[in-house]
Amino acid sequence: MTKDWYAWHRDYDQPESALARRLAEVRQRVAEALDAAPPGPLRALSLCAGQGRDLIPVLAAHPRGGDVTARLVELDPRNADLARRAAADAGLTGVEVVTGDAALTDSYADLTPADLVLVCGIFGNITDDDIRATVRHCASLCATGGTVLWTRHRREPDLVPVICEWFAEEGFEPVAVGSPADGVGVGAHRFTGTPRPLTRGERMFEFVGYDVLERTEQH
């Protein structure tokens with residue numbers, strides 16, 4: 001049975017849930033990235049954006065929100081519709097919500113490299129090999145000096161230290177990475193390299209789902 005990713009969002013509305021805590025930290029990191037961004041127009045990308053809760057409320061409240069041209073890509077049309085409505089209600093005319101496959105490089109080709117790239121809610125739902133491949137693609141998605149935000153649970157085996165090594169290999173330096181005690185694993189990395197051209201027609205990852213991955217590991 002395919003997981004209902006629309007219903008999954010309900011945990012965000014439970015203040016003490018791990019998802020709600022993760023959301024608060026991601027929003028804080030988004031605001032900090034906007035604070036540190038250079039003056040002028042900015043670009044933002046959000047992969048597997050869900051209902052846009054990571055990015056849209058921050059852009060709505062932040063002084064730099066109007067400077068941002070953003071594309072949120074989400075496969076579930078119900079989630080995409082909610083994100084689209086939230087952006088419209090906030091008057092964020094620079095925010096585009098695309099209903100489509102966030103794993104395809106073609107979804108971002110005309111907006112790269114971006115100053116802010118959100119890869120949240122993905123690394124716990126794809127294989128380790130696909131995480132490595134996605135980190136590699138982040139060096140094409142992200143502009144020099146731009147920030148990538150990502151999330152990954154801290155359960156054993158804790159892959160977060162390895163993910164940080166992969167980012168370092170691609171020219172990123174850590175800005176902030178949550179500790180195991182936090183349990184929610186939010187990472188922020190700044191790109192210090194020169195972005196590689198984004199190759200069109202490629203798939204960065206296959207979204208498997210954490211529930212399927214856990215069942216696979218148990219067998």
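Mentor: R64 counts as buried, because its relative accessibility is 14%; buried here means under 20% relative accessible area, exposed means over 50%, and partly exposed lies in between (1.4 Å probe, protein chains only). The model is a predicted one, in which local features need pLDDT of at least 70 and side-chain atom pairs count only at pLDDT 80 or more, whereas totals for chains, interfaces and linings use all residues. Residues are numbered from 1 along each chain as its sequence is written, and side-chain values use heavy atoms, with hydrogens and water left out.

R64 is located in the loop between α3 and β2; helices (H or I, at least four residues) and strands (E, at least two) are DSSP runs, numbered from the N terminus. Leaving aside residues up to four places away in sequence, R64 touches L34, A37, P38, P39, G40 and L42, where contact means heavy atoms within 4.5 Å. The C-alpha atoms of R64 and P39 are 8.7 Å from each other, although 25 residues separate the two along the chain. Two backbone oxygens are reached by the R64 side chain: that of P38 at 2.9 Å and that of A37 at 3.2 Å. Both are polar contacts (a pair of N or O atoms within 3.5 Å; within protein, one must be able to donate a hydrogen and the other to accept it, and residues adjacent in sequence count only if both atoms are side-chain atoms).

Seven strands make up an open, mixed sheet, ordered β3-β2-β1-β4-β5-β7-β6; two strands pair if DSSP finds at least two bridges between them. Strands β3 (95-99) and β6 (172-177) are the edges, each with a single partner strand, so one side of each has no neighbour in the sheet. From one strand to the next, the twist averages 15°. Strands β1 (residues 42-47) and β2 (residues 68-74) run parallel and are joined by six bridges. Within this pair, R43 stands opposite T69 in β2. Helix α5 (residues 128-141) packs on the sheet, where it touches β1, β4 (114-119), β5 (142-151), β6 and β7 (186-191), and its direction makes about 145° with that of β5. Helix α6 (residues 160-169) lies across β5, β6 and β7 and runs at about 170° to β5. Axes are lines fitted to C-alpha atoms, for helices over the stretch in contact, and angles run from 0 to 180 degrees between N-to-C directions.

Charged pairs are the next topic. Side chains of opposite charge can pair when their charged atoms come close. The whole structure contains 15 salt bridges, each being a side-chain nitrogen of Lys or Arg within 4 Å of a carboxyl oxygen of Asp or Glu. In one of them, R71 pairs with E96, with the closest N and O atoms 2.9 Å apart. R71 belongs to strand β2 and E96 to strand β3, so this pair ties together parts 25 residues apart in sequence. R71 is buried, at a relative accessible area of 9%, whereas E96 is partly exposed at 37%.

Another salt bridge joins R132 and E170, at 2.8 Å from N to O. Because R132 sits in helix α5 and E170 in the loop between α6 and β6, the pair ties together parts 38 residues apart in sequence. Both R132 and E170 are buried. Salt bridges with shared partners link R132, E169, E170 and R196 into one network. Apart from residues up to four places away in sequence, E170 touches R132, V135, R136, A139, F191 and R196.

Some backbone features in other loops complete the account. Most residues other than glycine have a negative phi, and most peptide bonds are trans. The bond from T112 to P113 is cis, with omega near 0°, and P113 lies in the loop between β3 and β4. E156 and P157 are also joined by a cis peptide bond, with omega about -5°; P157 is in the loop between β5 and α6. C48, a residue other than glycine, has a positive phi near 50° and is found in the loop between β1 and α3 (56-61).
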